[in-house]
Structure formats: structure tokens, C-alpha cells
Amino acid sequence: MHVAVVGAGYVGLVTGACLAHLGNSVICVDNNPAKIEGLQRGRLPIYEPGLEELVREGTAAGRLHFSTDLGSGIQASEVVFIAVGTPALPSGDPDLRYVEAVAREIGQHLDEHYRVIVNKSTVPIGSGDWVRMLILDGAAEAAKQRLSSREVGRDPEARSLTLELSPWTPQFDVVSNPEFLREGSAIQDTFYPDRIVIGSNSPHAIEIMRQLYKPILSRQQGLQGDPVPLLVTDLASAEMIKYAANAFLATKISFINEMANICERTGADITQVAEGIGLDRRIGRAFLNAGIGWGGSCFPKDLAALIQTAADYGYEAKLLQATVEVNREQRQRLVEKLQQALKVLKGKTIGLLGLTFKPHTDDLRDAPSLTLIEQLHRLGAKVKAYDPVVSASGMREGLAHVVVETDVFRLAQDCDALVLVTEWPEFLSLDYRRIAELMRRPLLIDGRNCLDREAVRQAGITLIGVGW
């Protein structure tokens, strides 16, 4: 199929590259000329394992294109994905101005051909009908502009055009197709999803989306494994599924962290507790890893949006509010562990192993490391950090009050304590004996409970975990 993806950010770029790999002709449109120029030259604005190879493959095959021209992208496509950002506002509501602008502009470029407009951005419940309204408004505005340019009332040809355009309504349907991509494994999640959700009341639009995703659903074009479930719902339910899924996962993490805090006070070991309850098929082991808590771009803004949506309809989402509060306090608990071990932090040097909110990404949005850096700086500590991707890329934007080292052993030099913040695989097999020798005081707080306790202790390091 011919597909346009509006927004060449994380979701849009992954979606476009994967659809091109499946044989579609895809144009990714973005209003940032520098980003588009970089993509045309093969430079990606984000780090995601496997994405650079997919983009290179798609462009070389002539199936993946990048442009700032939204009009040409829409007119050349039968399916148009809206994949722009919806960051959280201070109120908790998502900022929908980018979705609004794109929807209006889509309307301005529609013609007599039918199209499916797909909401891929995470938007509040009810946004499908809102986007449809905006597209119709954009189409009406474009029609008025064309009429005014023909001097209606004086030009006989313009009067004819008035009669021609007055009853015209663009033919399109809006579909909700929420994404469930995990940063660091987005390619895998696209080709091997747990399910694909399509929200629409239009049988025609549903069938087009079914055909677009047929290679994934039916495991074609080299994809292995069992068929993928396709869940068809109404628009509002599809929009709610995305919020509910993220809210549940965030709640599960906050729950296990709450249990970890109780374990520390009672002498139980949270890793054993998680194993025990995770074997219950009703609970499952995934997302039961106690530690410093969740971060990133999705969980914080999606929970804030869902809490605000509930409030808009007269309901107080107390469980979701508690989920957010437990997560906020969990970051502070690691600072408290440092205070308990080192007493006064003023004048101490603390090293952070990892900066990104999770491994295999360069994303620092709402990363727990940023909270630690801010708190430790406020308490008078010197903060150093090493992250495999951030250090290698030379990223420094948004990293005030921290010295970013390019080598893990330079990080350990003269540190009074290390805190493992991101569970990068390379941290699991470090030479901890050498690290102990380099540190001023061999103390390590495992904020992800991922290290081999005995191996680290045998290296001569005092190890403190979360929940044990």
C-alpha cells in the first residue's frame, strides 16, 4: 500500500521503517527540515537497536522516503498515520496542539479519493471524533480559500465552482491504532506484537487496516511464529486500551516497590517474594522487578492523562494517584540509602551507572537518574555518570550538575559510592575487583536488583539492594 506517516519521531520512524520493510511504499513527513535532511542522509534522530538498518534498507529499495511536504505525502497515500507527540501539560492533560495542527492540514489536502486516517499518537478517549471534526474543518477552510481566490460573485466560472464545491465532503474514516512499543525493543514489538488493536466503526477502514497488517497477522514475508490476534473495537475503547495497559504496568511496578519497602523492614527478600507470586498465572512474573521505579515518556504522561480524564468526568482515580506517588518516593529512597551508608553527602562523590530510563535507548525523558542528580547536587555531592549510549554520543543537553564520563573505570575513580540506575547488560559483567580498587569507598547500591550479589561482594564491595 501507499502510506504516509506524519511525524518522524520515535513512533513514526519505527512505524514507517517497519511498514516499508513489509513491502509498502512509505513517506515519513515531519515539519523539522533538519530532521528530514538528516534522515535523507541516513542520520537517525534517535537510537533504537535495528532501526538504522531498516531505514537504510527501505531507502535503498526506494520504499521509504522522507519529506517536509505534508500535502504531497497525503495525496500519494491511501493510509495516513498521525504519529506526532502528545507531551503532558502541567495540568496532566496531554498537549494536543500538534495533533490538531496535523488533522486540520490533512483536511486541507484531501481530494475525492477515500483515505484511512490513523491515530497512532496516544490521545485521550474521544479524540477520534475530535480528529474527524478537525479534518472536516480543514477541508471546509481549504474549499473557502479556493472559492475566494476565484472572486466569487463576479466570475461566472467561480459561481460554477461554488455549486460544485458546496455539497462536497471528503471521503475518509478515522481509525484508532494504539502503539505498544517498548523503547529498546520497538522493532521486535512491531513485527511480533502480543496483539494489534483497531478501533473503528467502518468495515471498509477495518478491512484496509487488516490488509496493511496482514503480513504481521498471518506471519508472512519471513515472519515466524503463531498468528497475531487482531482486536477490533470502537474508537473510544481502542483509545482506552492504550491508557489502561500502561496504567496497569506502572501500577504493577509500584506495587512490587511497595512490597520491597515492607520487605526491607521485615527481613524478607523481595526477589524471592517476586518469584513466588510471579509463578501464579493470575499475576505473572513480568514487571515485578523492584528497584528505583519507572520513568520514560509514556508511563508518566499516560497516567497523568488518565487521572485527569477521570477527574473531568467526576471520578477520583485514587489507585492511579497512589501509583504515581509510590514511584516518586521510590527515587528518594535511593538517596536515603546513600545517606544511611555515608551519613553526610556534602563533599562526597557519587557515580551513577546508567543515565537513560531503561537500557537499549538514548531516552532521558523522566529518567530516574535526573531526579538522583538533582537531589544529590542539592545535598552538596559531586555527581559523575557513565552510560554506554549517552557517553558515546556526547549528549550533554539536560544534564546539568553531572560529569559524564566516557569510561566506567574513570567513573569509579575516587567515588564514595556507585548507584546502578540503568540495567545495561555490560554492567552485569564488569571487573568489580578493579572498580573496588579505584573507589575511595567500595560501596554500590543496586537500584535494579540485577547484579550477582555474591560476585560483587567477593570483589570487596559493600552491596545494598532494594527490598533485601
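## Strand pairing around strand 4

Two strands count as paired if DSSP finds at least two bridges between them. In this predicted model, strand 1 (residues 2-6) and strand 4 run parallel and are joined by 4 bridges. Within that pairing, Ala 4 has Val 80 of strand 4 as its bridge partner.

Strand 4 is also joined to strand 5 (residues 115-119), again by 4 bridges and in a parallel arrangement. Here Ile 82 is partnered with Asn 119 of strand 5. Strand 4, helix 5 (residues 97-109) and strand 5 together form a β-α-β unit, and this unit is right-handed.

## Side chains of strand 4

In a regular strand, side chains alternate between the two faces of the sheet. Strand 4 covers residues 79-82. Val 79 and Phe 81 point one way, while Val 80 and Ile 82 point the other way. Are these residues buried or exposed? All of them are buried.

## The second largest pocket

Rolling a probe the size of a water molecule over the atoms shows where empty space is left. The second largest pocket holds about 230 Å³ of space. Its lining consists of Trp 294, Pro 300, Leu 303, Ala 304, Ile 307, Val 324, Asn 327, Arg 328, Arg 331, Asp 366 and Thr 371. Helix 13 (298-312) and helix 14 (318-342) are the elements that contribute two or more residues to this lining.

By residue class, the lining of the second largest pocket comprises 6 nonpolar, 2 polar and 3 charged residues.

Key:
Residues numbered from 1 in each chain as written. Predicted model: local features only at pLDDT ≥ 70, side-chain atom pairs only at ≥ 80, totals over all residues. Heavy atoms only, no water. 1 Å grid on protein atoms, 1.4 Å probe; cavity = no way out; pocket = protein on both sides within 12 Å on 5 of 7 lines; lining within 4 Å. Points joined across faces, edges and corners; volume = space filled by probe spheres on them. Nonpolar A, V, L, I, M, F, W, Y, C, P; charged D, E, K, R; others polar. Buried < 20%, exposed > 50% of the residue type's maximum accessible area, 1.4 Å probe, protein only. Right-handed = clockwise from strand over helix to strand, strands pointing away.
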